Amino acid sequence: MLLTVAVIGPAHALKGEVRLEIRTDDPAGRLAEGTSLPTDPASAGPLTVSRLRFDGTRWFAAFDQARDRTAAEALRGVRLLVDTDEENDQDDEESWYRHQLIGLRALSTQGEHMGEVVDLEPGVAQDRLVVRTPQGRRVAVPFVAALVPQVDPECGTVTLDPPGGLFPEDDDEAAGDASGTGGRR
C-alpha cells in the first residue's frame with residue numbers, strides 16, 4: 001500500500017529546494033539522500049532526494065529531477081509516497097496509519113456513541129483524530145494515550161476519554177438552557 005510520507009510545498013531559494021509538509025515520524029530515514037520515491041500524481045515522479053535538511057522547525061528537500069526554482073515550484077502539492085508492503089514496521093501496537101482509523105466509531109469510556117473518525121490531522125506536538133459528532137460537528141481530539149486509551153480496528157471502534165468542553169454539544173445545550181440564548185453555534 002502506498003502511503004504519503006510528505007507533501008511538497010513552495011519552492012525555497014533558487015537551487016530547486018522545496019519546503020516539505022511531513023507526514024511521517026521518520027523523515028530523515030524515509031527521505032534520506034538517494035532515496036527514490038513514487039509520487040501522486042504518478043506523472044511527477046518518481047523523485048530522487050538529492051538533499052534533505054531540517055532548520056529546527058521545517059524540513060526542506062531537493063530532488064535530482066528539479067534543479068532550479070521553476071522546476072521545484074512545479075512540484076508544489078505533489079505527494080511523496082512510500083510502499084508499506086515492502087516494510088514490516090507496523091509491529092508497534094501503538095502505531096496507526098490514517099486509513100486504519102478513518103471510519104472507526106468513537107465511543108466514550110462509558111460506551112456512549114460520540115461520533116465517527118473522519119480524519120487524522122498531522123500536528124507538531126501530536127496528531128489529532130478528527131471525529132464527526134452525531135450533530136455533524138468536527139472535533140479534533142489530540143491522539144495521545146490519555147485521551148484515546150484504546151484503538152480496536154477489529155471491533156471498528158476507538159475509545160475516547162476527552163476532557164470537559166472538548167465535545168461542545170453538551171456544554172452548548174447546558175449554556176443555552178441556563179442563559180436562554182441557545183448557546184453559540
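Visitor: Why is R53 called partly exposed?
Guide: R53 has a relative accessible area of 32%. Buried means under 20%, exposed means over 50%, and partly exposed lies in between (1.4 Å probe, protein chains only). The value of 32% falls in between, so R53 counts as partly exposed.

Visitor: What do these values rest on?
Guide: This is a predicted model, in which local features need pLDDT of at least 70 and side-chain atom pairs count only at pLDDT 80 or more, while totals for chains, interfaces and linings use all residues. Residues are numbered from 1 along each chain as its sequence is written, and side-chain values use heavy atoms, with hydrogens and water left out.

Visitor: What makes the contact of E17 and R53 a salt bridge?
Guide: The term requires a side-chain nitrogen of Lys or Arg within 4 Å of a carboxyl oxygen of Asp or Glu. For E17 and R53 the closest N and O atoms are 3.0 Å apart, so the pair meets the definition. The two residues come from distant parts of the chain, 36 residues apart, with E17 in strand β2 (residues 17–22) and R53 in strand β5 (residues 47–54). Strands here are DSSP runs of E with at least two residues, numbered from the N terminus.

Visitor: Is E17 buried or exposed?
Guide: E17 has 8% relative accessibility, so E17 counts as buried. E17 is also linked with R51 and R53 in a network of salt bridges.

Visitor: How many salt bridges does the structure hold?
Guide: There are seven. Among them, R58 and D55 meet at 3.8 Å, N to O, and E121 and R128 have their closest N and O atoms 3.1 Å apart.

Visitor: Why are R58 and D55 called partly exposed?
Guide: The relative accessible area is 36% for R58 and 37% for D55, so each is partly exposed. E121, at 26%, and R128, at 27%, are partly exposed as well.

Visitor: What joins β2 to β6?
Guide: Three bridges join β2 to strand β6 (residues 59–63), and the two run antiparallel. R19 stands opposite F60 in β6.

Technical notes: Helix = DSSP H or I, 4+ residues; strand = E, 2+ residues; numbered from the N terminus. Pairing = 2+ DSSP bridges.
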